[in-house]
Amino acid sequence: MKPFPLSLLLLCMIPFANTTIVAGLLETVRPAAVETIPGPREEVPGYRSAAEAPASLRLPEPLGERGSISFWFQLERDHAAAPGAETVVHRLLECPGVFHVDFSARPSGVELLWKWNDRKRTVSALRPILPALPGRQWIHFSVHWDAKAGIFDGSLNGTPLREAGTTIVPWEPPAPITTLQVHFGPVALAGLEVAAAPPDEKTLRRTVGNAFGTLDTLLGAYPPVSVDWKEQRGKLLYANDFSQPGDLDDWVAEGPVQATFEQGWMQMQSALPDDRQKGHLVLWLKKELPESFLAEWEMKPMSDRGLGIVFFSARGRHGEGIFSENLQKRAGEFALYHSGDLDCYHISYYANTLADPGRLTSNLRKNHGFYLVANGPAGIPAHSREWNRVQLLKSGGQIQLAVNGRRIIDFTDDGKSHGPILGAGSFGLRQMVWTVGGYRNLRVYDLPAMPSGPAH
């Protein structure tokens, strides 16, 4: 991994327990090759270096059970998920043996990664993944934790990275953080702040300033738009209430699908709920759907953690139907669906996973290649136990998904950036291994007209 040369951080005046970290410590440790550049504010300079130039910074007092670390970074150029995009990985900051912070850009997406080195933790990473990030703009990244309270959260330009109130299993406090290694390099850094407690919203707003909320669209945090697609229902193409075992005669199960039927609906879960390799499952409708359609169904989360995905426009990479004997045999393992021999779109409309609890985004990816092409607001709320009405509308290259009348995905595939627009193909419902979900009232309609309303 290439270290991230951070002409980093002027340490701003920051509260730390009852003391203050003095400004300018980075300036005293930065190597001579690191140049000073204009920072996010006049009083906060930035630092960049053409070559790797790591430097160690000793904290006046250690961080332990509770802590908060934040900084600004600036990319040299734009990065976006796309076929053929260059893979770039930079280490930004670390406490050796305790945690590290990396920036990475790959064809599948752009991400920041805060990773605790202790692998025994249930949730060891905070990993915002975006379809793109702009270059030559200062972006503020903040992370805070409280080990005994089970809090591990953060923000980008002030936009939260988890649903409010999300907690994880409390853990043993990390080894005391006494030293930070700053990786000066091509990714510019500025304004490192270290404190014993997270900033309140007022302080965060003051720190981030005019950049506050400017990544909302990329992070899927924009307000959902209310929609009513009754007029988009054309001819009924398929209907299934999922009310009895015979209703699965039209479907092909991949993976250890266990379905039960009570009170007029289906409960679906994995027969191998503890097997993270072989326990995932997919139900495929045998009937292919046309290029343009409106699908509606209801889903109810029934487990503490879960992930629900819809696949659509799925065909083999050479145009085969997905059940062709020429295609690799599938049994629920995710990689075979997004980076195997299928082309398709998929949307994660419910996400509250073991590794990423309280996720605030619904993600639209285009496959083959796992390209993250759009984020939207969370679909089914992370802690929902109610029935939720999901609607997927595809009209040529326009893809929209709504939950309970709130449009959370609105993306138009241009047929160029990520390959040709995908047309007619198969429709499938996926759950990750530990998910238990209820399903009912699936209806699929022909689409006679385009929906109206503003796009994002």
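Predicted model: local features only at pLDDT ≥ 70, side-chain atom pairs only at ≥ 80, totals over all residues.
Where is Phe370 found?

1. Phe370 sits in the loop between S29 and S30. Its backbone deserves a look: phi is positive, about 60 degrees, although Phe370 is not a glycine.

2. The peptide bond that joins Asn367 and His368 is cis, with omega at about 10 degrees.

3. Another backbone point concerns Ser313, a residue other than glycine whose phi is positive, near 55 degrees. You'll find Ser313 in strand S27. Ser313 has a relative accessible area of 5%, so it is buried.

4. Now for the open spaces. The largest pocket holds about 1,200 Å³ of space. It is lined by 46 residues, and those closest to its centre are Arg127, Ile129, Thr353, Asp356 and Arg359. Click on those five to land in the middle of the pocket.

5. What is the lining of the largest pocket like by class? It has 22 nonpolar residues, 14 polar ones and ten charged ones. Several elements supply at least two residues each, including strand S10 (99-106), strand S11 (109-116), strand S27 (306-316) and strand S28 (342-352). Helix H3 (335-338) is also on that list, as is strand S29 (361-367).

6. The structure holds one cavity of 30 Å³ or more, and the largest cavity has a volume of about 30 Å³. Its lining includes Tyr349, Tyr350, Arg359, Thr361 and Ile380. S28 and S29 are the elements that give two or more residues to this lining, and S28 gives the most, with four. By class, the cavity lining divides into five nonpolar residues, four polar and one charged.

7. On to charged pairs. How many salt bridges does a search of the whole structure find? The count is 19. One of them joins Glu288 and Arg315, whose closest N and O atoms are 2.3 Å apart. Glu288 belongs to the loop between strand S25 (281-285) and strand S26 (293-301), while Arg315 is in strand S27, so this pair ties together parts that are 27 residues apart in sequence. Both ends are partly exposed: Glu288 has a relative accessible area of 32%, and Arg315 has 24%.

8. Arg385 and Asp304 form another salt bridge through their side chains, at 3.2 Å from N to O. Why does this pair tie together parts that are 81 residues apart in sequence? Because Arg385 is in the loop between strand S30 (371-377) and strand S31 (388-395), whereas Asp304 is in the loop between S26 and S27. With a relative accessible area of 60%, Asp304 is exposed; Arg385, at 35% relative accessibility, counts as partly exposed.

9. Then take Lys366 and Asp413, a salt bridge with its closest N and O atoms 2.6 Å apart. Lys366 lies in strand S29 and Asp413 in the loop between strand S33 (406-412) and strand S34 (426-431), so parts 47 residues apart in sequence are tied together by this pair. Are these residues buried or exposed? Lys366 and Asp413 are both buried.

10. Salt bridges can also join up. Arg91, Glu94 and Asp102 are linked in a network of them.

11. Last, the cysteines. The count of disulfides comes to zero. Cys95 is buried, with a relative accessible area of 5%. Cys344 is buried too, with a relative accessible area of 0%.

How values were computed: Residues numbered from 1 in each chain as written. Heavy atoms only, no water. 1 Å grid on protein atoms, 1.4 Å probe; cavity = no way out; pocket = protein on both sides within 12 Å on 5 of 7 lines; lining within 4 Å. Points joined across faces, edges and corners; volume = space filled by probe spheres on them. Nonpolar A, V, L, I, M, F, W, Y, C, P; charged D, E, K, R; others polar. Salt bridge = Lys/Arg side-chain N within 4 Å of Asp/Glu carboxyl O. Buried < 20%, exposed > 50% of the residue type's maximum accessible area, 1.4 Å probe, protein only. Disulfide = S-S within 2.5 Å.
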